[in-house]
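Here is a short briefing on a predicted model. Look over the sequence and structure first, then read the points by topic.

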Amino acid sequence: MKRLMYLAPLAVFLVIAGYFAVGLKLNPRDLPSVLIDQKVESFALKPIKGYDRGFSSEDLKGQVSLVNFWGSWCVACLAEHPMLMKIAEQKLVPLYGIDWREKDPDAGPQWLKRRGDPYTLIGDDPESKAAIAFGVYGAPESFIVDQRGTIRYKHTGVIDEGNWASTLWPLIQELRKQ
Amino acid sequence: MKTLLTIILLTVSSFSALAVEPSEILSDPALEARAREVSKGLRCVVCQNQSIDESNADLARDMRVLVRERISAGDSNAQVVEYMVSRYGDYVLLDPPFKASTYVLWLSPFLFIGLALAAAMGIYRRREASPVGGEKAQELSVEEQRRIQALLDEDGGGGS
């Protein structure tokens, strides 16, 4: 018994170390969205420079859609872009873009001109109105919205072949059956 | 000395007041004061441990502006906070509420104090009950007294 008591500090240390080990691997930005299964707050965003149409919550009605927050300042969006182009070329799902927090109104349109525009519609969100309405922390973040305008899934970070095939695409197909 | 004091005061006071930009401030001082109060309780969600009132992050700025817009539009402080919580969850509050999901957070310190006290009591009790030390130390029996005396005598007789 006495002998075991000497192991107590070691045991306490191991428990704490265990928590730290797990804590270090968690992504502090990867927070669960409280908006899952909530209706999208109504919004109407202006078009970005050089575009005729903006993007509003009305555009989401009646179909499963993918809403993507991006910005020309966002490095990870650059990595995500080819995958979004692929989704758009194959017409897998209506893809809506929200150009978030562009300091220069030309920056977003130029970015798209150089790399290609995968979006069905784009809304300009220079003051994070839509971003806060969607509870966005950073870019890129994407939301799957169902036919009734309800947010069904939030994807934090880059969409790539892997998470598209394993999570996003199956969910979109399943939601379409509803 | 005075210069040093001024430098220290300026350095210290400049930390907290810089984030809110002049263009954001509401013209009505009462509304502005409420906006500041609400902002101090809301976390800048991209900087983890700063309020939006203190943070220079772009998103924090936009949240400050939104807080001011809502207050100007007639929302109560609680309604503004509620809106932010409905978008970002309890995480946006710097002071987490006391509810089922946060019981562990709020109550574990008391649990640990309780455990520590129980352990301390246990150790204290055991010391009191043990034959060495404490007021309850047993009296020596006659036989034990005699043996001690014998040992002392032996030592004293042998010399050093």
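**A buried asparagine and its surroundings**

A:Asn163 is buried, with a relative accessible area of 18%. Buried means under 20% relative accessible area, exposed means over 50%, and partly exposed lies in between (1.4 Å probe, protein chains only). A:Asn163 sits in helix α6 (residues 161–177) of chain A. Helices (H or I, at least four residues) and strands (E, at least two) are DSSP runs, numbered from the N terminus.

This is a predicted model, where local features need pLDDT of at least 70, side-chain atom pairs count only at pLDDT 80 or more, and totals for chains, interfaces and linings use all residues. Residues are numbered from 1 along each chain as its sequence is written, chains are lettered from A and ligands numbered from 1 in the order in which they are written, and side-chain values use heavy atoms, with hydrogens and water left out.

**Around A:Asn163**

- Leaving aside neighbours within four places in sequence, A:Asn163 is in contact with A:His155, A:Val158 and A:Leu168. Contact means heavy atoms within 4.5 Å.
- The side chains of A:Asn163 and A:His155 make a polar contact (3.5 Å). A polar contact is a pair of N or O atoms within 3.5 Å; within protein, one must be able to donate a hydrogen and the other to accept it, and residues adjacent in sequence count only if both atoms are side-chain atoms.
- A:His155 is also the bridge partner, in β7(A), of A:Ser142.
- Strands β6 (residues 141–145) and β7 (residues 151–156) of chain A run antiparallel, joined by five bridges. Two strands pair if DSSP finds at least two bridges between them.
- The hairpin of β6(A) and β7(A) has five residues between the strands, and A:Gly149 there takes a positive phi near 80°.

- Strand β3 (residues 65–70) of chain A pairs with β4(A) in the parallel sense, over five bridges. A:Trp70 stands opposite A:Asp99 in β4(A).
- Helix α4 (residues 107–115) of chain A has buried residues, including A:Trp111 and A:Leu112. The buried residues of α4(A) pack against β3, α3 (75–89), β4 and β5 (121–125) of chain A.

**Where chain A meets chain B**

- Chain A gives 20 residues to the contact and chain B gives 18 residues.
- The two chains, A and B, bury about 1,600 Å² between them, 52% of it on carbon and sulfur atoms. Buried area is the accessible area (1.4 Å probe) that two parts lose on being put together, summed over both.
- A:Arg101, A:Ile132 and A:Tyr137 supply 38% of the area that chain A buries against chain B, more than any other three residues.
- Six salt bridges link chain A and chain B. One joins the side chains of B:Arg87 and A:Glu41 (2.7 Å, N to O). A salt bridge is a side-chain nitrogen of Lys or Arg within 4 Å of a carboxyl oxygen of Asp or Glu.

**Chain B**

- Chain B has six helices and zero strands.
- Of its 160 residues, 23% count as buried in chain B.
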